[in-house]
Amino acid sequence: MPETTPTKKIFISGATGYIGRRLTRLLLASAHYDIRILVRNRAKVQQSIADQVDVWEGSTFEKDLLVKSLEGVDTAFYLIHSMGSDKDYQQLDRLSAENFRDACIEAGVRRVVYLGGLGVKQNASKHLLSRIETGEILSARPECIQTIWLRAGVIIGSGSASFEIIRNLTQKLPLMITPLWVRTQTQPIGVDDVLAYLESSISLTHPDDLVVDIGSEQLSFQQMMQQAAATMGLKRKLIPVPVLSPRLSSYWLILFTPIPYKLAAALVEGLKSETILQNDNAARYYSDIHPLPFRETVRRAMDELEQNYVISRWCDSSGQKACDIKDFDDPTGAILRDIRVVGYQHGEKQVSVFQAACSIGGPNGWFRYDILWRLRGLMDKLIGGYGLNRGRRQDKELRVGDALDFWKVADIKPGKRLLLYAQMKLPGQAWLEFDVQPEQLVQTAHFIPRGLLGRLYWYAILPIHYFVFTDLAKTIVKAAREEDDKIMYK
């Protein structure tokens, strides 16, 4: 009888993040792996894969749970970071890495695979330095556990922060006045190639710790935007000038891209330093992987967008408040509410109304008063929030944890309930709930004000609510009715 390859138990932390979601899907396609994932909120695991993986709910700051979740694991992937947290993310990253390394050792894990960032400590930005320190901590005990430390620069794929910045700037601005850092050299890499390196690291034959720098051709950010424009069939001109400070550059990004100020500032700071390969270990130890040229990675990312097939986005998981919806999926404590009820005939489909509610926002807009929504989004951007142009992952489908403009999907009960949590800058906490009943849609705005300012804010915008929220509820029911009519007369 032919020999069969033994199944390896693989552990993925950060499994609902940008890379984690894609790696989980990739490994599930193979019969060689038994997948266990660590998530901060079980509800964010897609239903389509929930019964194929062993889900553990918790974090790397829960030591006892972490050790238990790692028992029997062969290879553990460390795909988390705390950048964007309101707290000291560098200290959080150090503590998280130490806990993870020590738990892996105690549980008898054979190998840790970490995805960090390119750069050298001498001129690394704050967030790149934290990534480097994380790698050093994870690999600090080579006598007890082996660490494969992959280091990537700009990752290009549908939904990645770098790609969304490049795409939005390229599509929106035919002429760009840019800072001098656009001439900084980097070595971008496609997300599919990153995943290939991660998967190959499971079976890599190497006895010691290894640092592997990965990337394709060396390009400046100016060349990347010019090549991206050519791939999209656009002509763009960039004029670098020395007068744009990092702060001004960050505001430039938040106005024309979905990236909020805090993330934009961290990325701009990192772009000032070269991020190029410091070793050739990728070619030596992963000789069967040949990273795609930058233009091809852009083309593939654009194809995924056009086919409405975006598996994950940069805003799926981060250190931002309410990222994982824990403790933010129940608005029952709200003391101020605005309720709109729109009825529909008994024969109309409840599921169609629910689907219409799930289709709001992003490229689909916010109906008659879309301009008011966009004005509110612009105000939010200017004060450091997400703004409205964060958009949505797909045109119609939503899942718990998805970003929807300046909302986050906090809860979904198919055919019945959609709950959105507000991530805009507010003097309080807000939710928007759609309760789809058999003969009516009940739409409720919930608000917990913070002090007097919160109450003043609520009552100041009530007149706007009357028009905006009434139109929203009515148009959702109307859209469902029109969709039903289309199906009936086909």
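This is a predicted model: local features need pLDDT of at least 70, side-chain atom pairs count only at pLDDT 80 or more; totals for chains, interfaces and linings use all residues.
The side chain of Arg-22 reaches the backbone oxygen of Ser-158, at 2.7 Å. Arg-22 is found in helix H1, which covers residues 18-28. Is this arginine buried or exposed? Its relative accessibility is 4%, and because buried means under 20%, Arg-22 counts as buried. Setting aside neighbours within four places in sequence, Arg-22 is in contact with Ser-158, Val-191, Leu-195, Glu-304, Val-310, Ile-311 and Ser-312.

The helix around this residue deserves a word. Eight of the eleven residues of H1 are buried, so the helix is largely enclosed by the rest of the structure. Those buried residues are Tyr-18, Ile-19, Gly-20, Arg-21, Arg-22, Leu-23, Thr-24 and Leu-27.

Let me turn to the aromatic residues. A search of the whole structure finds 14 aromatic pairs. One of them joins Tyr-78 and Tyr-114 in a tilted arrangement, with 5.9 Å from centre to centre and 55° between the planes. This pair links distant parts of the chain: Tyr-78 belongs to strand E4 (residues 75-78) and Tyr-114 to strand E5 (residues 111-117), and the two are 36 residues apart. Tyr-78 is buried, with a relative accessible area of 1%, and Tyr-114 also counts as buried, at 2% relative accessibility.

Tyr-114 has a further partner in Trp-149; that pair is tilted as well, at 6.2 Å centre to centre and 45° between the planes. Trp-149 lies in strand E6 (residues 146-152) and Tyr-114 in strand E5, so their pair ties together parts that are 35 residues apart in sequence. Both Tyr-114 and Trp-149 are buried. Which residues do the ring pairs link into a cluster? They are Phe-11, Tyr-78, Phe-100, Tyr-114 and Trp-149.

The charged end of Arg-390 sits over the ring of Tyr-386, 3.8 Å from the ring centre.

In soluble globular proteins, nonpolar side chains tend to be buried together. Here, the largest nonpolar core holds 39 residues, and the members that touch the most others are Trp-373, Trp-407, Leu-418, Leu-420, Phe-434, Leu-472 and Ile-476. Several elements each supply at least two residues of this core, among them helix H13 (350-357), strand E16 (407-413), strand E17 (417-422) and helix H15 (451-488). Which element gives the most to this core? It is H15, with eight residues.

Leu-420 shows what such a position looks like in detail. Leaving aside neighbours within four places in sequence, the contacts of Leu-420 include Ile-360, Leu-404, Trp-407, Val-409, Ala-430, Leu-432 and Phe-434. There is also a second, separate core of 37 residues, which includes Ala-15, Leu-27, Leu-115 and Ile-189. Leu-27 is also one of the buried residues of H1.

Finally, the sheet. Six strands form an open sheet in the order E14-E19-E18-E17-E16-E15, with antiparallel pairing. Why is one side of E14 and one side of E15 left without a neighbour in the sheet? E14 and strand E15 (403-404) stand at the edges, and each has a single partner strand, so one side of each is left without a neighbour there. Within the sheet, E16 and E17 pair in the antiparallel sense over six bridges. Trp-407 stands opposite Ala-422 in E17, and Trp-407 is also among the core residues that touch the most other members.

Technical notes:
Residues are numbered from 1 along each chain as its sequence is written. Side-chain values use heavy atoms; hydrogens and water are left out. Rings of Phe, Tyr and Trp (its six-membered ring) pair if their centres lie within 6.5 Å; planes under 30 degrees apart count as stacked, over 60 as edge-to-face and the rest as tilted. Helices (H or I, at least four residues) and strands (E, at least two) are DSSP runs, numbered from the N terminus. Buried means under 20% relative accessible area, exposed over 50%, partly exposed in between (1.4 Å probe, protein chains only). A charge sits over a ring if NZ of Lys or CZ of Arg is within 6 Å of the ring centre and within 35 degrees of the ring normal. A nonpolar core is a set of buried Ala, Val, Leu, Ile, Met, Phe, Trp, Tyr and Cys residues joined through side-chain atoms within 4.5 Å. Contact means heavy atoms within 4.5 Å. A polar contact is a pair of N or O atoms within 3.5 Å; within protein, one must be able to donate a hydrogen and the other to accept it, and residues adjacent in sequence count only if both atoms are side-chain atoms. Two strands pair if DSSP finds at least two bridges between them.
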